Amino acid sequence: MKSKPSLTSCNVKGPSAEPPDRTVYLHFREYRSDVSWPIADYEEKGFFTAAQKDELKSRFDLAPELVSNLSLYVGNTLDIDSVTNLTSVSRNKAVKTAVADLRRAARHARKDPRTRKNLEEVLLECDPMFAETPDDVALLAAAHTLARAPDCTLTELLESADAVLARPGSAAILNPADSREIHDGRRYNIVCSCCYIWMDAGRPLTYTTRPDLPSHQRRQGPLFDLIRAVMAKILRNGRHPSDETIRKDIELSRKAIKRDQELIDGP
């Protein structure tokens, strides 16, 4: 389910027959995720309990400060205010989607009043992210008020939808521009945090592969064991990422760590 997105950056593309497109990068919480993360306000206190820290410290021979840092990294990743799933949203695509969905919902409501609930839902899904003027923002806000009002008539609701449609750009439905861009940022951050801690302990980011074993047991080594142990503490009753997914995140983490080190060392 999408959370209300927060704008982080934008850029403007070249001119075209329609208004110049803009791309904004928004955070979609748990958007199409296969994993149910325990999102909460961890208040910079970390995720693990004292007993869990002791277990990780003993099992993997890690210094107490490294385990505390890992707990803090995991807690920050799972914090309710963390922004981890940044995905591009196209202005023109978002506006076109809103226009198409709103027209369809209004047409159906006119034919069959029993479908007005869908019209209300589409209006409430519309966002003023790309509105050009304060009047456009106010127009959509008024439509939202009507869609929530229990005594609003269908005629009033349709008139409000028509008014929004008459002001292109006043409403947008914010979906990722390309669903292939979507990835689980929380999972990657957790794996990357394990990799950083492992390196801080003076150990290499390596693992072994056993093709003779079942697919969920082929990746072996203490680094994989640490990541599995951390995931087990986070997702005690849920679905865990596959070993192949973790392997890919380790490779991405290795590249990110190398890139960060090059930036620190300089040319």
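A search of the whole structure, which is a predicted model, finds 17 salt bridges, each defined as a side-chain nitrogen of Lys or Arg within 4 Å of a carboxyl oxygen of Asp or Glu. Local features in this predicted model require pLDDT of at least 70 and side-chain atom pairs count only at pLDDT 80 or more, whereas totals for chains, interfaces and linings use all residues. Residues are numbered from 1 along each chain as its sequence is written, and side-chain values use heavy atoms, with hydrogens and water left out.

One of the salt bridges joins R203 and D61, with an N to O distance of 4.0 Å. R203 lies in the loop between α7 and β4 and D61 in the loop between α1 (50–60) and α2, so the pair ties together parts that are 142 residues apart in sequence; helices (H or I, at least four residues) and strands (E, at least two) are DSSP runs, numbered from the N terminus. R203 is partly exposed at 22% relative accessible area, while D61 is exposed at 61%, where buried denotes under 20%, exposed over 50% and partly exposed the range in between (1.4 Å probe, protein chains only). The charged end of R203 also sits over the ring of W198, 4.8 Å from its centre, the criterion being NZ of Lys or CZ of Arg within 6 Å of the ring centre and within 35 degrees of the ring normal.

A further salt bridge, between E120 and R116 (3.0 Å, N to O), falls within helix α4 (residues 116–125), the two residues being four apart, about one turn of the helix; E120 is buried, with a relative accessible area of 12%. R219, E244 and R247 are linked in a network of salt bridges.

By contrast, D79, in the loop between α2 (64–77) and β3 (86–90), is buried yet has no salt bridge, the nearest side chain of opposite charge, R186, being 7.7 Å away. The side chain of D79 instead reaches the backbone nitrogen of Y42 at 2.9 Å.

Aromatic pairs, in which ring centres of Phe, Tyr and Trp (its six-membered ring) lie within 6.5 Å, with planes under 30 degrees apart counted as stacked, over 60 as edge-to-face and the rest as tilted, number three. F47 and F48 form an edge-to-face pair at 5.8 Å centre to centre, with 80 degrees between the planes; F47 is buried at 15% relative accessibility and F48 is buried at 6%. Y42, F47 and F48 form one aromatic cluster.

Terms used
Lys, Arg positive; Asp, Glu negative; His and termini not counted. Polar contact = N/O pair within 3.5 Å; in protein donor to acceptor, adjacent residues only side chain to side chain.
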